[in-house]
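Thanks for coming. I will go through one protein model, and I will keep to what can be read from its atoms.

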Amino acid sequence: MRIVITEFISLDGVVQAPGGPEEDTDGGFAHGGWSHPFFDPETVGGAFDEALRSAEGLLFGRRTWQTMAGAWPERAGDPFADRMNALPKYVVSQTLGEDELTWHNTRRIPGDEAVARIRDLRDAEGGDLVVMGSPTLARTLISEGLVDELRLMIMPVLLGGGKTIFPGDGGKRSLELVSTIASGTGVHVCVYRPGAGG
């Protein structure tokens with residue numbers, strides 16, 4: 001399977017809490033919901049729809065999974081929600097119990113086994129394993145060289161700090177721009193894959 005990371009991201013690299021004010025306030029983050037003014041159904045929504053169409057599974061960190069599990073099951077009847085709810089889901093967590101995996105078709109990957117288990121999933125046959133949100137997990141996957149594609153919805157806003165998906169280890173990682181499209185709201189949807197030496 002290919003591992004594809006799909007993110008709303010600010011111009012200064014922040015991915016924290018794009019969906020709402022209470023989504024993730026770690027570190028005193030006060031800009032939750034920052035993506036809403038720039039969302040447009042055609043370009044930005046279309047990018048998520050395209051990512052989901054080629055997905056054969058979804059991979060989350062615990063916090064993002066809990067947010068999604070609290071929202072998507074009640075949206076049944078919408079084609080996008082129905083696809084989200086039907087796909088196999090994997091959540092990396094050391095703390096979630098099996099009885100808490102209430103979102104249909106979810107399997108837990110213990111945190112201390114995450115890199116090895118995700119490497120096994122990546123080596124398996126199949127389509128895309130899509131990561132949404134989950135900045136700590138995304139950062140680990142990039143650090144480990146396990147990401148086959150980055151789909152970034154780069155929004156024209158500076159947030160001045162917050163969680164990022166990019167490793168801070170001083171390593172150089174080259175990327176190749178595969179495609180880009182701009183929305184009328186100023187969002188650039190950019191698809192990157194590892195480049196030479198990346």
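Predicted model: local features only at pLDDT ≥ 70, side-chain atom pairs only at ≥ 80, totals over all residues.

Arg2 sits in strand β1 and Asp128 in strand β5, so the pair links parts of the chain that are 126 residues apart. Are these two residues buried or exposed? Arg2 is partly exposed, at 27% relative accessible area. Asp128, at 6%, counts as buried, because the cut-off for buried is under 20%.

As a general point, side chains of opposite charge can pair when their charged atoms come close. How many salt bridges does the structure hold? The count is 15. I will show two others.

One of them is between Arg193 and Glu149, whose side chains meet at 2.7 Å, N to O. Arg193 belongs to strand β8, residues 188-194, and Glu149 to strand β6; 44 residues separate them in the chain. Arg193 is partly exposed, with a relative accessible area of 35%. Glu149 is buried, at 1% relative accessibility. Through shared partners, salt bridges join Arg2, Glu50, Asp128, Glu149, Arg151 and Arg193 into one network.

Asp24 counts as buried at 6% relative accessibility, while Lys163 is partly exposed at 22%.

Now the sheet. In what order do its strands lie? It is an open sheet of eight strands, and the order is β4-β3-β2-β5-β1-β6-β8-β7, with mixed pairing. The two edge strands are β4, residues 106-109, and β7; each has a single partner strand, so one side of each has no neighbour in the sheet. On average, neighbouring strands are turned by 25 degrees against each other, with direction ignored.

Thr6 stands opposite Arg151 in β6.

α1 packs on it, touching β1, β2, β5, β6 and β8, and the direction of α1 makes about 165 degrees with that of β6. Helix α3, residues 79-86, lies across β2, β3 and β5, and runs at about 65 degrees to β3.

Helix α5 covers residues 135-143, and its buried residues are Pro135, Leu137, Ala138, Leu141 and Ile142. Why do I say they are on the same side of α5? Because they cover an arc of only 160 degrees around the axis. What do they pack against? The partners are the strands β1, β2, β3, β5 and β6, together with helix α4, residues 114-123. After α5 comes Gly145, which has a positive phi, near 70 degrees.

Last, the aromatic rings. A pair of aromatic rings is described by the distance of the centres and the angle of the planes. The count here comes to five aromatic pairs. In one of them, Phe8 and Phe39 have ring centres 6.4 Å apart and planes at 75 degrees; the pair is edge-to-face because that angle is over 60 degrees. Phe8 is in strand β1 and Phe39 in the loop between β1 and α1, 31 residues apart. Phe8 is buried at 15% relative accessibility, whereas Phe39 is partly exposed at 39%.

Phe8 also pairs with Phe48, and this pair is tilted, with 4.9 Å centre to centre and 45 degrees between the planes. Phe48 is in helix α1 and Phe8 in strand β1, so the pair ties together parts 40 residues apart in sequence. Both Phe8 and Phe48 are buried. Taken together, ring pairs link Phe8, Phe39 and Phe48 into a cluster.

That is the end of my part.

Technical notes
Residues numbered from 1 in each chain as written. Heavy atoms only, no water. Buried < 20%, exposed > 50% of the residue type's maximum accessible area, 1.4 Å probe, protein only. Helix = DSSP H or I, 4+ residues; strand = E, 2+ residues; numbered from the N terminus. Arc of directions from axis to C-beta. Contact = heavy atoms within 4.5 Å. Salt bridge = Lys/Arg side-chain N within 4 Å of Asp/Glu carboxyl O. Pairing = 2+ DSSP bridges. Axes fitted to C-alpha atoms, helices over the stretch in contact; angles between N-to-C directions. Phe/Tyr/Trp six-rings, centres within 6.5 Å; stacked < 30°, edge-to-face > 60°.
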